[in-house]
Amino acid sequence: MQPVQATYPMTRFRRLRRTAALRALTQENALTADDLIWPVFLCDGVNQRQPVVSMPGVERLSLDLIVEAAAMACDLGIPAICLFPYTDPRVKTPGCEEAWNPENLTNRAIRAIKAQVPDIAVMTDVALDPYNAHGHDGLVVDGIILNDETVEALVRMALAQAEAGADILGPSDMMDGRIGAMRSALEAAGYKDIAILSYAAKYASAFYGPFRDAVGASGALKGDKKTYQMNPANRDEALRLVARDLAEGADMVMVKPGMPYLDICARVKDSFGAPTFAYQVSGEYAMIRAAAQNGWIDGDKAMVESLMAFKRAGCDGILTYFAPDMARLLRKG
Ligand code: PBG
């Protein structure tokens, strides 16, 4: 598109910025509660709320309170909630068996939410790190993260989540071939309508730090995730990964982290036109909250501006810890 306009003073851009009404009329993008997916952290017990110190305002919640939180989100018009379990170090094993236990925390939460708040979509995390004695997303043998064996384990995990009633599976592990393997297994088991939102372009990022505290993986993790997560310097590889995952049967794709990777979001949406999501990750959330707590920025305004940036980049939605705050602010108008 070649914009055509007269030169100054025939064209004055400030004419359309003069009043709130004119600005609203010419606003190009909008953010609504429909755009939000809320990631939440689960913990064992009853009536438990455990603040996550590095994520001010975020708490791990026990099952009973997660159901209440889901009901609150649903009332606010948030269409989906994404579950992450804090796992007791005692159930972490090298084989990660807890990941496909039908009675693990995530699977119990899926059932409880679907029973009591059926209208909210429940998304899961498909990766081994919460259950892994090594803290990695895949099985580790002699310091190597095994690909194909991990994919088999992830398929078991995905099937257990499907069986529990998940609406959207979110493979966040970055193993090769996992989307195709999961899709075939879901079809074969009769789970034809379960959506996969692939973490297709997930970078090896420093911005995941607070999340690893929240799920209790910081202590376990040795080394980094660079042999499976992407190099932050790469752009074309993101497009090849998205193409691959769509070809293997992903319904939606994700770019993660969000704010430092808006160029990737825009290219993915422009190139494929598939439902595209960004994950505004824990470190991005923590930065905004911490600066706001110090009085260095206006927290609400920074939240809105950061989330609007994803819409401008072409994203269909955003996974964000701000989801309830944002939805509340939108409701107030
Ligand atoms: C791991 C996983 C991570 C996040 C979601 N799933 C962390 C990691 O890859 O180490 C990060 C989310 C966040 O930082 O908010 N499967």
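The following dialogue examines how the terms applied to this predicted model rest on computed values.

Trainee: What conventions apply to the numbering and to the model?

Mentor: Residues are numbered from 1 along each chain as its sequence is written, and side-chain values use heavy atoms, with hydrogens and water left out. The model is predicted: local features need pLDDT of at least 70 and side-chain atom pairs count only at pLDDT 80 or more, while totals for chains, interfaces and linings use all residues.

Trainee: How many helices and strands are there in the protein chain?

Mentor: The protein chain has eleven helices and twelve strands. Helices are DSSP runs of H or I with at least four residues, strands are runs of E with at least two, and both are numbered from the N terminus.

Trainee: Why is the protein chain called as compact as a globular protein of its length?

Mentor: The radius of gyration, taken over C-alpha atoms, is compared with the globule rule, 2.2 Å times the number of residues to the power 0.38. The protein chain has a value of 20 Å and the rule gives 20 Å for 333 residues, so the chain is as compact as a globular protein of that length. Along the principal axes, its C-alpha atoms fill a box of roughly 70 × 45 × 40 Å.

Trainee: What makes a residue buried, and what percentage of the protein chain do buried residues make up?

Mentor: Buried means under 20% relative accessible area, exposed means over 50%, and partly exposed lies in between, with a 1.4 Å probe and protein chains only. Of the 333 residues in the protein chain, 51% are buried.

Trainee: Why is K202 called buried?

Mentor: The relative accessible area of K202 is 5%, which is under 20%, and therefore K202 is buried. K202 belongs to strand β9, residues 195-202.

Trainee: What makes the pair formed by K202 and S172 a polar contact?

Mentor: A polar contact is a pair of N or O atoms within 3.5 Å; within protein, one must be able to donate a hydrogen and the other to accept it, and residues adjacent in sequence count only if both atoms are side-chain atoms. A polar atom of the K202 side chain lies 2.9 Å from the backbone oxygen of S172, so the distance falls within the limit.

Trainee: Which residues does K202 touch, leaving aside those up to four places away in sequence?

Mentor: K202 touches D137, S172, M174, Y208, Q229, M230 and K256, where contact means heavy atoms within 4.5 Å. One of these, M174, lies in the loop between β8 (168-171) and α5 (178-188). M174 has a positive phi of about 70 degrees although it is not a glycine, and it is buried at a relative accessible area of 8%.

Trainee: Why is N47 called exposed?

Mentor: N47 has a relative accessible area of 55%, which is over 50%, and so it is exposed. N47 is located in the loop between β1 (36-42) and β2 (49-51), and its phi is near 55 degrees, a positive value in a residue other than glycine.

Trainee: Why is Y285 called buried?

Mentor: Y285 has a relative accessible area of 1%, under 20%, so the term applies. This residue of helix α9 (282-293) touches M55, P56, G57, V58, Y321 and F322, not counting residues up to four places away in sequence.
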